[in-house]
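Hi,

Here is the structure I promised to pass on. Have a look at it first, and then read my notes below.

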Amino acid sequence: MTTKTTDTLQSFRERIGQIKNYEEALGVLYWDLRTGAPRKGMDSRSAAIGTLSARLFELQTAPEMGEWLSELEETGAFGQLDEINQRLVTETRKEYDRSVKIPPKLNQEYVVLTSQAESLWEEVKETGDYAAFQPYLDKIITYTNQFIDLWGAGATRYDTLLDMYEPGMTTAELDQVFGGLREKLVPLVSAVAASPHQPERSFLGQSFDKETQKKFSLFILEQLGFDFKAGRLDESVHPFATGLSTGDVRITTRYLDRDVTSALFGTIHECGHAMYEQNIMKELNGTTLSTGTSMGIHESQSRFWENVIGRSKPFWNRYYGDLQKLFPKQLQVPVDDFYRAINVVEPSLTRVEADELTYNLHIIIRYELEKLIFNEGVKAAELPALWNEKYREYLGVEPRHDGEGVLQDVHWSGGAFGYFPSYSLGNMYAAQMTDTMERELPQMWDLVERGELHPIKEWLTERIYRYGKLRSPSELIRAITGKPLDPGYLVAYLEKKYKAIYRL
Ligand SMILES: [Zn+2]
């Protein structure tokens, strides 16, 4: 490597390290805000976050960063970089271009608009007053369209938004996978709803002592392989995971007195996110590649542990006895009834409360609407009617007011268009990876039944976790399964599981 390239690389890597430091500091501040920071400190905290964010943005978009990137991208220099530095340059270029193409004034207006819209949304989701929210949503759509023009549209305008959360994903590919999924799931959901064999689950709604629930959550985390020396469990209103570094990954859950499953599956879900971040290879430490490669792959890990493992019969054959010991009065039913109860399917209006089977239809509805907004020019005024029509068609339910319909999610008020598909992509990736895992670890379900979960975590570490952002979602899924994303695996998994539970 020439001395000039070596010097440039050193400056570039130092800057990446600083960016990572700022991100970690902001991560701790946000974590603290969401886990019980005193209310009276909010103003001071907002100011601190504002200052650090502005400085971070400067570090990311400074002209010298553009110069370093151009120098390192020259063929002579780029070819001399190792794999990690090459990927770091490519990823940083993408982020850099995205940020510098938006004029600061436009960005500032947008930040103000979305923060107003988010606080208005908090009110209108309760009252269902869509008319009050509609002008804000129209403006957010207009700004997003301006951003798409500045960034440059992909094959379709919506492709540009998808790429932010799932690099490389396209509308053409999603149309195909979601189309295939919808076609199979709609009839399966109706068959399940019509089955006379509906599981009984009222026993799950008894009172469950919160401290005891916490004890069980900690026990399960340890069983799954969560590293307590590199993480911690706290409480928050909405469960989340935040990876500050591989040595500090924090998760939260929420204990409800009359719903023992909420904390339990919330904990397992966030543990999946956390184990991904805890097991990224050390060579990526201190770089912006030391994180999950996409929202969809991240969700595949949380959903694999929560649903594929955590809601399986073998898992409860092993752990139901432990849970029963803690709640002998509430849990008198046999394990088979418990298993059926935690897998109840119920077409409902609310995405966040949806079961494993209907969840994907909630996502497909949002995907279809977002595509209409950005590719067909549909206006905010048209959304409630379209929303209700799709819920009737796919799930057989209809909202009584917009609060339980089009206003239920926070995403659009924050401008997060293109994010929703990640959740279903996670389910599809998880099912496809499980198929490979079952063949490569033929004794997989025996291991689960014995509570030996370590080999499963190791398998995921070798094929997914360790790479962080070093491989793209499509590279990962192809390397693991030998095929591109295929919705058939999720359909097969859901059909097998739910036809058995509902005796279809
Ligand atoms: Zn998640």
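Predicted model: local features only at pLDDT ≥ 70, side-chain atom pairs only at ≥ 80, totals over all residues.

Residues are numbered from 1 along each chain as its sequence is written.

Back to helix 16 (residues 383–395); helices here are DSSP runs of H or I with at least four residues, numbered from the N terminus. Its 13 residues reach 17 Å from first C-alpha to last, close to the 18 Å expected at 1.5 Å a residue (the expected span is 1.5 Å times one less than the number of residues). The buried residues of helix 16 are L383, W387, Y391, Y394 and L395. They sit on the same side of the helix because they cover an arc of only 85° around the axis, taking the directions from the helix axis to the C-beta atoms. Helix 9 (171–194) and helix 15 are among what covers them. Just after helix 16, G396 takes a positive phi of about 70°.

Helix 15 (residues 359–376) also packs against helix 8 (residues 157–165), at an angle of about 130° and with the axes 7 Å apart. Axes are lines fitted to C-alpha atoms over the stretch in contact, and angles run from 0 to 180 degrees between N-to-C directions. That makes helix 8 oblique to helix 15: under 35 degrees is roughly parallel, over 145 roughly antiparallel, 65 to 115 roughly perpendicular, and the rest oblique. On the helix 8 side are R157, Y158 and L161, which meet E370, K371, F374 and N375 of helix 15; contact means C-beta atoms, placed from the backbone, within 7 Å. The residues of this contact divide into three nonpolar, one polar and three charged (nonpolar: Ala, Val, Leu, Ile, Met, Phe, Trp, Tyr, Cys and Pro; charged: Asp, Glu, Lys and Arg; polar: the others, Gly among them).

Two arginines to finish. R503, in the segment after helix 21 (488–501), has a positive phi of about 50° although it is not a glycine. R503 counts as exposed because it has 8 C-beta neighbours inside 10 Å. R98 in helix 5 (residues 83–100) is partly exposed, with 17 other C-beta atoms within 10 Å.

Cheers

How values were computed. Buried ≥ 20, exposed ≤ 12 C-beta atoms within 10 Å, placed from the backbone. Contact = placed C-beta atoms within 7 Å.
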